[in-house]
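This report goes through the structure shown below, from the chain as a whole to particular contacts. Please keep the sequence and the model in view while reading.

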Amino acid sequence: LAPRASRRHFLREHVRRTTKLEASLLPHGRAMSGRTWSLLRLTPRALPDPAALFQRGDVTDIAQSRLVVFGEIHEQPEVIRMQYEVQKAMAETLRPSSKLHVVMEHFSLDMQPMLDRYMDGDLDLNGLVQQYQESGTEGHGVAKYKAVLEYAREHPDRCRIHGGFIP
């Protein structure tokens, strides 16, 4: 019961903060219709047990946002799982002409051609990891993000991966 209560409190506070911030970003006199973005700061300080946050209902709630930002400690399995589940839920609820853009700061902007070769099927995951390691600029364990990367590759009509780190 305690982890569930903590999770609900975290989400309630999260929604309250994002809704308040959204309202402050809108021009005066404009009505706000629904939450447009979510910011998740999944760190030990913000949430000691990221696994306690994960439930299908939570993912569905978060995935209703137009923009979701994960602030994370890299390579944490529970956080990666949450990222994957939110990515999948968002991609599955897109309008037919829309596409989900996943920006990963693990990859610099200069690495976009490498990501494009992966997305186009010219590189498999092992090849992507090898080229990433050979580039030597970022140094994250990108193989741990297999689910996120593979989902985008398997659903190119709904999802695209982009490098987001500015070198």
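## The chain as a whole

Among contacts in the chain between residues at least 6 apart in sequence, 74% join residues at least 24 apart; contact here means heavy atoms within 4.5 Å. The model is predicted, so local features need pLDDT of at least 70 and side-chain atom pairs count only at pLDDT 80 or more, while totals for chains, interfaces and linings use all residues. Residues are numbered from 1 along each chain as its sequence is written, and side-chain values use heavy atoms, with hydrogens and water left out.

The secondary structure comes to seven helices and four strands. Read from the N terminus on, the elements run α-β-α-α-β-α-β-α-α-α-β. Helices (H or I, at least four residues) and strands (E, at least two) are DSSP runs, numbered from the N terminus. Of the 167 residues, 40% count as buried. Buried means under 20% relative accessible area, exposed over 50%, and partly exposed in between, with a 1.4 Å probe and protein chains only.

## Helices α4 and α7

How are two packed helices described? The angle between their axes and the distance between the axes are used. For α4 and α7 the angle is about 20 degrees and the axes are 8 Å apart. Axes are lines fitted to C-alpha atoms, for helices over the stretch in contact, and angles run from 0 to 180 degrees between N-to-C directions. The angle makes α4 roughly parallel to α7; angles under 35 degrees count as roughly parallel, over 145 as roughly antiparallel, 65 to 115 as roughly perpendicular and the rest as oblique. The crossing of α4 and α7 is left-handed, a term used if the near helix is turned anticlockwise from the far one by less than a right angle, with right-handed used if clockwise.

On the α4 side, I80, Q83, Y84, Q87, K88, A91 and E92 meet A147, V148, Y151 and A152 of α7. The buried residues of α7 are V148, L149, E150, Y151 and A152. These buried residues pack against α4, β3, α5 (112–119), α6 and β4 (159–165).

## Aromatic pairs and a charge over a ring

Which rings pair up? A search of the whole structure finds two aromatic pairs. Y84 and Y151 form an edge-to-face pair, 6.1 Å centre to centre with 80 degrees between the planes. Rings of Phe, Tyr and Trp (its six-membered ring) pair if their centres lie within 6.5 Å; planes under 30 degrees apart count as stacked, over 60 as edge-to-face and the rest as tilted. This pair links distant parts of the chain, with Y84 in helix α4 (residues 77–92) and Y151 in helix α7 (residues 146–154), 67 residues apart. Y151 has a relative accessible area of 5%, so Y151 is buried.

The rings of F107 and Y132 have their centres 5.1 Å apart and their planes at 70 degrees, so this pair is edge-to-face. It too links distant parts of the chain: F107 is in strand β3 (residues 100–108) and Y132 is in helix α6 (residues 125–135), 25 residues apart. F107 is buried at a relative accessible area of 0%, and Y132 counts as buried at 2%. Elsewhere, R153 lies over the face of Y118, at 4.8 Å from the ring centre. A charge sits over a ring if NZ of Lys or CZ of Arg is within 6 Å of the ring centre and within 35 degrees of the ring normal.

## Helices α5 and α6

The axes of α5 and α6 come within 10 Å and cross at roughly 170 degrees. That makes α5 roughly antiparallel to α6. M114, L115, R117 and Y118 of α5 make the contact with L125, L128, Q131 and Y132 of α6.

L128 lies in helix α6 and is buried, with a relative accessible area of 0%. Leaving aside neighbours within four places in sequence, L128 is in contact with F107, M114, L115, Y118, L123 and L149. The C-alpha atoms of L128 and M114 are separated by 7.1 Å, with the two residues 14 apart along the chain.

## Two further residues

G141 lies in the loop between α6 and α7. With a relative accessible area of 23%, G141 is partly exposed. G141 and E75 are 66 residues apart in sequence and 6.6 Å apart in space, C-alpha to C-alpha.

R160 is found in strand β4. Is R160 buried or exposed? R160 has a relative accessible area of 18% and is therefore buried. Not counting residues up to four places away in sequence, R160 touches K99, L100, H101, V102, D116, M119 and D120.
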